[in-house]
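Subject: Structure for you to look at

Hello,

Here is the structure I promised to pass on. Please open it first, then read my notes below.

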Amino acid sequence: MTDPITFSSAAKNTELPFLFSGQSQKEFFLNQSLVTIDALLPRTVQGVLETPPEVASDGDCYLVGPSPLGDWMDKPDCLVIRLGEGWHFIEPGKGMEVFDQSSERKLIYLSQWYQPLAPSQPIGGVTIDVEARSAINDLIASLQSLGVIG
C-alpha cells in the first residue's frame with residue numbers, strides 16, 4: 001500500500017491541496033482535488049468495508065469499517081476513495097454525514113460513525129390523542145424508510 005500524500009498547505013476542512021505559481025505537475029494536485037470533491041459533495045459511500053474490494057474504479061468511495069484488515073488496517077472510520085492504482089483516505093470530521101448506498105441509511109460521525117436511533121413510539125399517558133399518536137408513528141416510519149433514523 002502506498003502512503004497517502006500529505007500537502008504542506010491545504011484547505012482546512014477538506015484538506016484539498018493549494019496550488020502555487022511555478023509549481024510542477026499541477027495537474028496531479030488538481031486531479032486529486034477534483035476526485036476528492038467528487039466523492040465528498042454527494043456525501044455518499046458505496047458501503048462499509050473492512051478490506052479493499054476486489055474490483056474498484058476511479059472515484060469509488062467507501063467507508064472503512066471500525067476493525068479494518070490488510071491495507072486498510074490503520075484507517076478505521078475513514079472515507080476511502082479509489083484514485084488511480086491506489087486509495088486516498090480522508091479522516092472524517094465531527095458532524096460529517098454520509099449516505100450508505102448499500103444499506104440505504106444515513107450515518108453521522110462524532111467519535112465514530114452511527115445511525116441516529118428512532119424515538120420510542122408514544123404509549124400510555126392520562127390523555128390519549130389517537131390522531132397525534134398516529135401522526136407521530138407515521139413520521140417515525142417515514143424517517144426510517146428514508147434511512148435518516150434506525
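What share of the 150 residues of the protein counts as buried? The figure is 30%. Keep in mind throughout that this is a predicted model.

Overall layout

The protein has 2 helices and 8 strands. Read from the N terminus, the order is α-β-β-β-β-β-β-β-β-α. The radius of gyration is 20 Å, while the globule rule gives 15 Å for 150 residues, so the protein is more spread out than a compact globule. Along the principal axes, the C-alpha atoms fill a box of roughly 75 × 35 × 25 Å.

Contacts and surface

I also looked at contacts between residues at least 6 apart in sequence. Of these, 33% join residues at least 24 apart. The exposed surface comes to about 9,800 Å². Carbon and sulfur atoms supply 54% of that area.

Charges

There are 9 positive and 19 negative charges in the protein. Their mean positions lie 8 Å apart. Side chains of opposite charge can pair when their charged atoms come close. How many salt bridges does the count give? It comes to 1. Glu97 pairs with Lys106, and the closest N and O atoms are 2.8 Å apart. That is within the 4 Å cut-off for a salt bridge.

Backbone

Most residues other than glycine have a negative phi. Two residues to check here are Gln25 and Asp77. Gln25 has a positive phi, near 55°, and is not a glycine. Where is Gln25 found? Gln25 sits in the segment before helix 1 (26–40). Its relative accessibility is 54%, so Gln25 counts as exposed.

Asp77 has a positive phi too, about 70°, and is likewise not a glycine. Asp77 lies in the loop between strand 3 (61–64) and strand 4 (79–83). Is Asp77 buried or exposed? Asp77 is buried, because its relative accessible area is 15%, and the cut-off for buried is under 20%. To put the pair side by side: Gln25 is exposed, whereas Asp77 is buried.

Best wishes

Methods
Residues are numbered from 1 along each chain as its sequence is written. This is a predicted model: local features need pLDDT of at least 70, side-chain atom pairs count only at pLDDT 80 or more; totals for chains, interfaces and linings use all residues. Side-chain values use heavy atoms; hydrogens and water are left out. Helices (H or I, at least four residues) and strands (E, at least two) are DSSP runs, numbered from the N terminus. Buried means under 20% relative accessible area, exposed over 50%, partly exposed in between (1.4 Å probe, protein chains only). The radius of gyration is taken over C-alpha atoms; the globule rule is 2.2 Å times the number of residues to the power 0.38. Contact means heavy atoms within 4.5 Å. Accessible areas come from the Shrake-Rupley method with a 1.4 Å probe; for residues, only the protein chains shown count as cover. Lys and Arg count as positive and Asp and Glu as negative; His and the chain ends are not counted. The place of a charge is taken as NZ of Lys, CZ of Arg, CG of Asp or CD of Glu. A salt bridge is a side-chain nitrogen of Lys or Arg within 4 Å of a carboxyl oxygen of Asp or Glu.
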